[in-house]
Amino acid sequence: MQRHRIAKILAEGKAGQEINVAGWLRSKRESKGFAFLVLHDGSSQDTFQMVIDEGSPGWESLSDCTTGAAVKAHGVLRESPGKGQALELHVAALEVVGKADAATYPLQKKGHTLEFLREIAHLRPRSNTFGAVFRVRNALAAEVHQFFQKRGFIWAHTPIITANDCEGAGELFTVTTLDLKNIPRNDKGGIDHSKDFFGKHAHLTVSGQLEGEFMAMSMGDIYTFGPTFRAENSNTTRHLSEFWMIEPEMAFADLNDDATLAEDFLKHMCASVIKHCPKEIEFFEKMYKVISAEEISRLSEAKFARISYTDAVQELKKAKVKFEFPVEWGLDLQSEHERYLTDTVYKGPVIVMNYPKDIKSFYMRNNDDGKTVAAMDVLAPRIGEIIGGSQREERIDILEAKMREKSIPADDLSWYLDLRRYGSAPHAGFGLGFERLVQYLTGISNIRDVIPCPRAPGSIAF
Ligand code: 4AD
Ligand code: MG
């Protein structure tokens, strides 16, 4: 059977057309001599109304047509006399493919909290909210490739298992085949990873950047788009232990080029979601009242403010509000500070540039002032940091000195240093947390609600 998707039927269907649909029932309403069934199939924010007359094939299974049941139907499209839809299906034959017991099916047709839906993550894509989230996620993921491919960036597949800790924060999930009941020890009492599968301490990647850099230093402009993992014990609405990151890297580029790419990219994403998911955005606007199509359109054309970290600190010191965390030159900005800058001062996205070198990673390029590095964070309203990036240190002597300062053994990264030995060039890139982007454009407040299977401390069901 050729299945017609609801999205396509509603966009292109004509009265009189014979079609087949298949999906899951949202609801049923019985009348004298006929019944209405409301179907969804994942393709569209709109549901699809079907009308079956008493005595039609399948009428006898109407009692099995409960919320959540999987059904197939065949029939003819006709103009709908009712409100809410232009077309409906006049059912010629109906089949219940899989029943859903009304007494136990958890996703009954009524309002559920996002917290409750998180407990039934395997069924929540059937709800309005999660159907919308996952369609937005899909559209944005496809647009990531569109954006970079159009600009000639090469999609580079960086590894998931690696031996480097790019961010140096030690938030690593070890990958091992050692017998955990009988761990081999070295003479210092530590774990002897030379006996491990890879002969070295391996873990899940926290970022594809370092490998992305070597691809860029041959291929010019590249981007990665893949899962990354962080074993940080952060139970916040902005952190996941497994999240997807997009990391472009450009050869022969500096921090300003990097900021411009980040701004163009975010604006492109704003314009794309309006173009591909207008119904979903309208739904989020009505349901959660955080974002609006109008605001997203405005953002797609807005000029992002660019300020130095030093000026950001000045601005925060002037603030009349009381922050929980201190504001002092040299301290990292906390999310309350970031949100104050975006939501109160600039009322839009802000790119903060040139952070103190002591709070940033080893690979960032030292500025001439001796105190700061060519780093940038893009801060988005409500979310705070959505992008982190930098120009990379391309001068070998300075990079080696920075690694010594941060106790990063040069032996482990000799290949990374080679990029500075042979044909080194200025280069820059950034990382965008894909889930934070989805949060930003849907207004969904908890990051666990924008990925099918959220991973967080103490949480790995599904
Ligand atoms: O700022 P981060 O740590 O930067 C890097 O990993 C660089 N290596 C990127 C680069 O220059 N190629 O992370 C980048 C972004 C953050 O701005 C944030 O959006 C997201 O990744 N992110 C997280 N998203 C969800 N859960 C977490 N635990 C995240 N940690 C970072
Ligand atoms: Mg960061």
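**Pockets, cavities and exposed phenylalanines**

Me: What classes of residue make up the lining of the largest pocket?
Reply: The lining has 16 nonpolar, 11 polar and 16 charged residues. Ala, Val, Leu, Ile, Met, Phe, Trp, Tyr, Cys and Pro count as nonpolar, Asp, Glu, Lys and Arg as charged, and the others, Gly among them, as polar.

Me: What kind of model is this, and how is it numbered?
Reply: This is a predicted model, where local features need pLDDT of at least 70, side-chain atom pairs count only at pLDDT 80 or more, and totals for chains, interfaces and linings use all residues. Residues are numbered from 1 along each chain as its sequence is written, chains are lettered from A and ligands numbered from 1 in the order written, and side-chain values use heavy atoms, without hydrogens or water.

Me: What makes a space a pocket or a cavity?
Reply: The test uses a 1 Å grid over the protein atoms alone. A cavity is a set of points where a 1.4 Å probe fits but cannot get out; a pocket is an open set with protein on both sides within 12 Å along at least five of seven lines. Lining residues have an atom within 4 Å of a point.

Me: What is the volume of the largest pocket, and which residues lie nearest its centre?
Reply: The volume is about 1200 Å³. Of 43 lining residues, Glu167, Arg230, His239, Glu385 and Arg436 lie nearest the centre. Strand S15 (384-391) gives the most, with 6 residues.

Me: What lines the second largest pocket?
Reply: This pocket holds about 640 Å³ of space. It has 30 lining residues; closest to its centre are Arg26, Lys109, Lys110, Ser127 and Asn128. Strand S1 (18-31) gives the most, with 5 residues. By class, the lining divides into 10 nonpolar, 13 polar and 7 charged.

Me: How many cavities of 30 Å³ or more are there?
Reply: The count comes to 3.

Me: Why is Phe252 called exposed?
Reply: Its relative accessible area is 69%. Buried means under 20%, exposed over 50%, and partly exposed in between (1.4 Å probe, protein chains only). So Phe252 is exposed. It lies in the loop between strand S11 (242-251) and helix H5 (255-276).

Me: Why are Phe462 and Phe198 called partly exposed?
Reply: Phe462 has 41% relative accessibility, so it counts as partly exposed. Phe198 has 45%, so it is partly exposed too. Phe462 is in the segment after H12. Phe198 is in the loop between strand S8 (174-175) and strand S9 (202-204).

Me: What are the phi values of Phe252 and Phe462?
Reply: Phe252 has a positive phi of about 60 degrees. Phi of Phe462 is near 70 degrees, also positive. Most residues other than glycine have a negative phi.

Conventions: Points joined across faces, edges and corners; volume = space filled by probe spheres on them. Helix = DSSP H or I, 4+ residues; strand = E, 2+ residues; numbered from the N terminus.
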